[in-house]
Amino acid sequence: MLTALVAGSVAAPPALAAPKTPEGSASAQHSLRSAVTDENFYFVMADRFQNGSTANDDGGLGPDPSVSGFDPTRKGYYNGGDLKGLLQELDYIQGMGTTSIWLTPSFKNRAVQPEDNSAGYHGYWITDFTQIDPHLGTNEDLKTLIDAAHARGMKVYFDIITNHTADVIGYDAGERAPYISKDEEPYRDAAGTPFDDRDYAGTDTFPELDAETSFPYVPVVPEADKDLKVPEWLNDPTLYHNRGDTTFAGEDSFYGDFFGLDDLSTEHPVVVDGMIDIYKTWIADFGVDGFRIDTMKHVNDEFWQEFGPEVLSYAQEQGKDEFFMFGEVFDTTKSFTSQFTTRNRMQSVLDFPFQAAARGYASQGAPATDLERFFAGDDWYTDADSNAYSLPTFLGNHDMGRIGSFIASDNPGAADEELVARDTLAHELMYFSRGNPVIYYGDEQGFTGPGGDQDARQTLFASQVPEYLDDDLLGTDATHATDNFDETHPLYRSISTLADITEDHPALRNGAHQHRYASDGPGIYAFSRTDAKDQREYVVALNNSTEPATAAIPTYAGKRTFGLVHGDAPKHAKSAADGTLTVTVPALSTVVYELKGNIPKSKAAPAISLQTPAPAVEDNGRMKVAADVAGSSFYEVTFEARTPGSAWTSIGTDDNAPYSVYHDTSALPAGTAVEYRAVVLDNARHTRTSAAASATVPQARLTMGLPAEGTQVSGDVEVTATASPENSEYAVTLERSVAGGAWTAIGTDDSSPTYTAVDDLAALDLAEGTQVRYRAVLGTSVSDIRTVTVGSVIEQPGTVAVAGSLDSELGCGGDWDPACDQAQMSFDAASQTWILEVADLPAGSYEYKAALDRSWTENYGAGGGRDGSNIVLQHAGGPVTFVYDHRTHVISTR
């Protein structure tokens, strides 16, 4: 039974209610292990794997590549792989220990989108959600593949999309257009009355809309495409946001079109119900075992809060007891990525933070303490029905690039032997630590490539793409000119070995993950994996230095023998009286030992006390609840919460010290009192309950967006703020103070998620040099303050550069080079902005900032913030223009 707490409230609806406990001792529980904590995923792009039938290469659309999208010589077009090819190579896939095949979207796509000079080989330009893309085969081919995988004991996962469809809708202002915010042009019902769509999200009602009057752009659908999409409801243009292209930041990240792709109005109940029905059909008719969900962070919370539980419940009704869904949340901050498994009630998300940490350790020689800090953050994911143990972990993918590419670029000039060793080390970390490892097809053959997106989508069958033929593969002399299904490749063999070891020793996959040791610099990172039932401890020690390293690693068992499970080390080792196990790990290697016998039983439950609960600094909508536990054995701590007059409810169980959870209180009104307690369960089933501790739900935290601190302003000044946690019922007031004077309201906005007002400074007739301050107010909550200076003349910098991960594509000698000539922008006196026009930027995921005067001394990132965070650019390939405005310090693309 699901035990999630809805939207962070202590009380949940009956269908999802967590177990209640009486007023006495709290209910001790084991740390949750969902049905899926031991999968080995193989992530494959069907078009790039194996060509099982040449008959479907052009999808039945004829020989013209500009129509069919098939051109095996071009990396952005269909290359010929299909579902029959996957079926043909099931022995190869299963041979590396794969238990689940994850397919990129396989639904029928718009074969070619001329504006993108590319084809829909990747599967993300869907026109028909009810059939397989003809380039890949038929619905019957899919059913045959799934049945064959099931006969082998393997599962099949679908990559699905709920956020958008292919680019069919254009606008009265042009095929693709810049984003228009809700504050500039609100939605209007069919009668022309403005409304905020967020007020209706999560409900069964929505205002009646009119395509001619309801949107900032009038949606235009070519006559030939009016019935193109399937199911039929997708052809209604009023079920889309119709606001123009996204910049992937702020409000438009929820509402904007991805490079013209039609962005669905996921706040609308017709869209919610329609998407649920689509994916129920694939479960019922084809036996799909789970979904990876694309672009999850670009969809409103209310959609997931309905979609996730409804689809999961339906799958379980169909006998899919292990049905599993995980979302793509492209972010490396756990306090953010975890919101989708806690607040938004989804089962899991792809572990992007792990990818960054694993690359840092195995490829870049980062300090072992970085991994210690990384795993310490796993408590962000712990709640009553999910935790970090079910997260799919990965090392690279089809968007960002391959682990082989990262290792090669991070270690220029290194010998192939070292590159393979680092690649193996990364996989050892992934297989032996918590989570479900994902192998991106081709990584087992040492594939590399110069970047992400199309540069990371090579074929396993012989390629004709010139850019791929230049790749230098790891661990082999082979090239992409021949098939690469080599089961003797060192990486294929090592992955297969890791799968065999974790199958023989399941605690290495779903046992408690307990930090043990970390070197201050490059060197040993060690952790234990312990099964709560068998009480047997495994010690995993990795070494990312280029020299052997030795460490005394704490364990739960003193004066006990440990046997070698994996690695180059003595077959047996014995712990000291204090429980430390001294281990020497060869350079760029891993050693695993298993305790002979069980951990000694505790004689009594340890003392336990709660720290003072407090709102988390990183997420104002969650309360950090932590417990101090005496003793040093294997313990599990269950946390409970209640509001006045309610029963105690479990909010999660933690099985590794330090013990904590982050309780989601975002649905509770500010000022609500919440009481907490915790119970510790030792390994002999003794329990002890802490005294209770209380906390109060805080006011929403307001954060200013614009104007940027320290800028010069004149005329109309746009003032924006956001609230955390967000609530569509908020009405935020924006205020101004002139020259240190009293605060005056300049506007109140109730349109979420960004609150905006425009301040007409010209009407105040202020002298140049006057300081003006801005802030936002909601009840008793007051934001940070932005201070700007009135001035009509802006002193421009000497130069401005687009400095980022795209600089090498611009012709620079390397990335993030503020001094590179090719990255410099030109000043346009008419618009008073700096501009850089790039004729053809390769498709990919990039990050960038504005760097002034050819150095990093003064630079601006997201929102115009000085030294701000990197701006992400997801580019489909082709021309792009960068614009920097020194008045706001904002740099953007168009």
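Mentor: Buried means under 20% relative accessible area, while exposed means over 50% and partly exposed is in between. Please keep in mind throughout that this is a predicted model.

Trainee: Okay, then are Asp196 and Lys182 buried or exposed?

Mentor: Both Asp196 and Lys182 are buried, and their side chains meet in a salt bridge with an N to O distance of 2.8 Å. The pair links distant parts of the chain, with Asp196 in the loop between strand S11 (194-195) and strand S12 (219-220), and Lys182 in the loop between strand S9 (170-171) and strand S10 (187-188).

Trainee: How many salt bridges does the whole structure have?

Mentor: A search of the whole structure gives 40 salt bridges. One of them pairs Glu418 with Arg422, whose closest N and O atoms are 2.9 Å apart; these two residues both sit in helix H12 (residues 416-432), four residues apart, about one turn of the helix.

Trainee: And why does Arg422 count as buried?

Mentor: Arg422 counts as buried because its relative accessibility is 6%, which is under the 20% cut-off. Glu418 has a relative accessible area of 24%, so Glu418 is partly exposed.

Trainee: What about Asp784, which residue does it bridge to?

Mentor: Asp784 forms a salt bridge with Arg786, with 3.4 Å between the closest N and O atoms. Asp784 is partly exposed at 31% relative accessible area, whereas Arg786, at 15%, is buried. Elsewhere, salt bridges that share partners join Asp159, Arg292, Asp294 and Glu328 into one network.

Trainee: Switching to sheets, what is the order of the strands in the S45 to S51 one?

Mentor: That open sheet has four strands in the order S45-S46-S50-S51, and the pairing is antiparallel. Its edge strands are S45 (826-828) and S51 (890-893), each of which pairs on one side only, and the twist averages 30° from one strand to the next.

Trainee: How many bridges join S46 to S50?

Mentor: Six bridges join strand S46 (residues 833-841) to strand S50 (residues 878-885), and Leu836 stands opposite Phe882 in S50.

Trainee: Last topic: what does the UniProt annotation cover?

Mentor: The unreviewed UniProt entry carries the annotation "domain: Glycosyl hydrolase family 13 catalytic" for residues 43-502. Over residues 43-502 the chain is 29% helix and 11% strand, with the end C-alpha atoms 19 Å apart. Separately, the domain assignment includes domain 3 (608-697) and domain 5 (800-893), whose C-alpha centres lie 45 Å apart.

Notes:
Residues numbered from 1 in each chain as written. Predicted model: local features only at pLDDT ≥ 70, side-chain atom pairs only at ≥ 80, totals over all residues. Heavy atoms only, no water. UniProt positions renumbered as here; feature names shortened; annotations may be inferred. Domains from an automatic or database assignment. Pairing = 2+ DSSP bridges. Axes fitted to C-alpha atoms, helices over the stretch in contact; angles between N-to-C directions. Salt bridge = Lys/Arg side-chain N within 4 Å of Asp/Glu carboxyl O. Buried < 20%, exposed > 50% of the residue type's maximum accessible area, 1.4 Å probe, protein only.
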